[in-house]
Amino acid sequence: MSRSSSGREGGDEGRAERAPALVTDPFDALHGLAPLRTAARAGDWAATQDFFAGLDSVDKTSVAVGAFGGIDGTETYLEKAVAARPGDPLPRTLLAERYIRIGWEIRSGARAEHVSRDQFAEFHSWLRKAEQLLIEVCAEQPAYAPAWTARITLARGLQLGQSETRRRYDRLSAHHPHHFSAQAQLLQQVCPKWGGSWEDAHGFAQECAASAPDGSHAGILVAEAHIEHWLELEGSEATAYMRGVPVRDDLRHAALVSVLHSAYRQDWHWITGHSTFALAFSLGGHLEDAARHFAALGNTASASSWQYLGDWQSRFMKFRKAALATL
């Protein structure tokens, strides 16, 4: 499904010159997020708390919680913070997010048939620890979006089924109806690989995009659903799917009502948004459409859907070079 690229571009006077490395770490790519990494690495709870207190949107909070979960070793100081502040939802949510990440790393991203019984047992053990923390948070703070978002991920990992996962999403959306982080998690659940269907996946993505205000992130879900669908196909069937006019037009409309809309305001989802559309258009050979998203990204990129491709950073740069040549 993937073919590696050298990741090299022509330099002056015909010399091959390695392109600058892509900026893919969200703490480096997203302006304003870096202080959280500094606080986490120092084990500084006061600085961590101050960082979250200074955020001005629920979306930013969920992005920051998700990014925090990928910082190794933070569980030690978070466990101390939870013990010292038992009524505070933030340390419990951050610790749960870290437990989820630890568990998922043990499970790996392989399909279920390639995951051992021991891996599953340890994976579920970490997820149950996270669930216990978040049950309390959600009971005490029913509008706390990061906790509900994490519980949607947990429902999928613990195989609690479509109804329970949707129930958790509905509890969140009653307070935050267009919360992209939660929508992206539910989209995974309704794909066939987690017991859903393509009708469910595309229907949910379209529902989110249609009901959200213009300039929201919801249109990104349409591109994510098509990429997930492409991933399940083989060879020429996969190529034909992404090259098809209905998919191309679907992607164009979704981009125009989201990241390309005049009302769109760049926030911490913008790299994921443009990265996802750049991939979807590139897979379909729609390079002129992809070019607008590559141009917006510059030298930043989100692994998000790109990680489905082997040697994805080289593939990104190869697609980017081809797309920008159309401008």
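Thr-48 has a relative accessibility of 0% and therefore counts as buried (buried is under 20% relative accessible area, exposed over 50% and partly exposed in between, with a 1.4 Å probe and protein chains only). Thr-48 is part of helix α3, residues 45-53; helices are DSSP runs of H or I with at least four residues, numbered from the N terminus. Apart from neighbours within four places in sequence, the contacts of Thr-48 are Leu-36, Ala-39, Ala-40, Phe-68, Tyr-77 and Leu-94, where contact means heavy atoms within 4.5 Å.

The model is predicted: local features need pLDDT of at least 70, side-chain atom pairs count only at pLDDT 80 or more, and totals for chains, interfaces and linings use all residues. Residues are numbered from 1 along each chain as its sequence is written, and side-chain values use heavy atoms, with hydrogens and water left out.

Helix α4 (residues 58-68) packs on helix α6 (residues 89-107) at an angle of about 50°, and their axes are 8 Å apart. Axes are lines fitted to C-alpha atoms, for helices over the stretch in contact, and angles run from 0 to 180 degrees between N-to-C directions. The angle makes α4 oblique to α6 (under 35 degrees is roughly parallel, over 145 roughly antiparallel, 65 to 115 roughly perpendicular, and the rest oblique).

Helix α8 covers residues 145-157. Its 13 residues should span 18 Å at 1.5 Å a residue, which agrees with the 19 Å between its end C-alpha atoms; the expected span is 1.5 Å times one less than the number of residues. Of the 13 residues of α8, 13 are buried, so α8 is largely enclosed by the rest of the structure. After α8 comes Gln-159, with a positive phi near 55°.

How do helices α11 and α12 run relative to each other? They are roughly antiparallel: the axes of α11 (residues 198-211) and α12 (residues 219-232) cross at roughly 165° and come within 7 Å. The residues in contact include Trp-198, Ala-201 and His-202 of α11, and Leu-221, Val-222 and Ala-225 of α12.

Key:
Helix = DSSP H or I, 4+ residues; strand = E, 2+ residues; numbered from the N terminus.
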